[in-house]
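Trainee: I would like to learn how to read a protein model step by step. Could we begin with a pair of charged side chains and work outward from there?

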Amino acid sequence: MERWVEIEFDCLPLRSIHRFDIPIDASPRYRRFLEDVFAALEKHGSLNSYYLYRATCTYRLLNDPTAGMIQFGFEGTLLTEADDRVGRHADLRVELVRETCDWLTEPVVQWFAETVPRSVLTEFNRYIQAGDLAKTEERLAKLREETDSSEGYMGMYL
């Protein structure tokens, strides 16, 4: 089945970041990526936050593969509820990267760009449901246990 909205992304759980230095031999592109990830950590913290990158959201407006397509690139942070089962907010940078609509106007582009975070939240919830919820529940139980045993202090970025 073809979809009217196609979303692809790579996902980095921010809780998996343990080093905060940039290798001195990092390429400019990789350096920018790490700077963006570290900025996301600073802004949103590491719990219940995921960094989405190498991401596209493609809308198909016609039943024609050669016309009626609008594609956006996006990158940024998606935050979930405390139990990691439902996305609640997407803080994304969105830009138009391709289109095959000769009738496209700037207000329509803006409206679709504002729609991308909503579409991404919906797809991320499908992504969560397709994952192993038992592992997530185990991780949360372990985290609660560690928090209780340390009187709530878990260290920086946790």
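Mentor: Gladly, and please keep in mind throughout that this is a predicted model. Look for Arg 93 and Asp 36, whose side chains meet in a salt bridge with a distance of 3.3 Å from N to O. This pair links distant parts of the chain, since Arg 93 lies in strand 4 and Asp 36 in helix 1 (residues 28–44), 57 residues apart.

Trainee: Which residues are linked with Arg 93 in a network of salt bridges?

Mentor: The network joins Arg 93 with Asp 36 and Glu 75.

Trainee: How many salt bridges does the structure hold?

Mentor: There are eight, and another one of them is formed by the side chains of Arg 54 and Asp 10, at 2.6 Å from N to O. That pair ties strand 2, which holds Arg 54, to strand 1, which holds Asp 10, across 44 residues of the chain. Arg 54 counts as exposed because its relative accessibility is 61%.

Trainee: Now I would like to turn to the interior. What is the general idea there?

Mentor: In soluble globular proteins, nonpolar side chains tend to be buried together. In this model, buried residues make up 34% of the 158 residues, and the largest nonpolar core has 22 residues, with Phe 72, Phe 74 and Val 120 having the most contacts inside it. Strands 1, 2, 3 and 4 and helix 2 each supply at least two residues of this core, and the largest share, eight residues, comes from helix 2. A second, separate core of eleven residues includes Leu 12, Leu 34, Leu 41 and Tyr 53.

Trainee: Which residues does Phe 74 touch?

Mentor: Leaving aside residues up to four places away in sequence, its partners include Ile 7, Phe 9, Leu 52, Leu 92, Val 116 and Val 120.

Trainee: How should I read a helix such as helix 2?

Mentor: An α-helix has 3.6 residues a turn, so residues three or four places apart point the same way. With that in mind, follow the buried residues of helix 2, among them Val 109, Phe 112, Val 116, Val 120, Phe 124 and Ile 128. Helix 2 spans residues 106–130, and its 25 residues reach 36 Å from the first C-alpha to the last, close to the 36 Å expected.

Trainee: Where does helix 2 bend?

Mentor: The bend, of about 30°, is at Thr 115, and Pro 117 follows within four residues.

Trainee: In what order do the elements run?

Mentor: From the N terminus on, the order is β-α-β-β-β-α-α, which comes to three helices and four strands.

Note on methods: Residues are numbered from 1 along each chain as its sequence is written. This is a predicted model: local features need pLDDT of at least 70, side-chain atom pairs count only at pLDDT 80 or more; totals for chains, interfaces and linings use all residues. Side-chain values use heavy atoms; hydrogens and water are left out. The expected span of a helix is 1.5 Å times one less than its number of residues. The bend at a residue is the angle between axes fitted to the seven residues ending there and the seven starting there. Buried means under 20% relative accessible area, exposed over 50%, partly exposed in between (1.4 Å probe, protein chains only). A nonpolar core is a set of buried Ala, Val, Leu, Ile, Met, Phe, Trp, Tyr and Cys residues joined through side-chain atoms within 4.5 Å. Contact means heavy atoms within 4.5 Å. A salt bridge is a side-chain nitrogen of Lys or Arg within 4 Å of a carboxyl oxygen of Asp or Glu.
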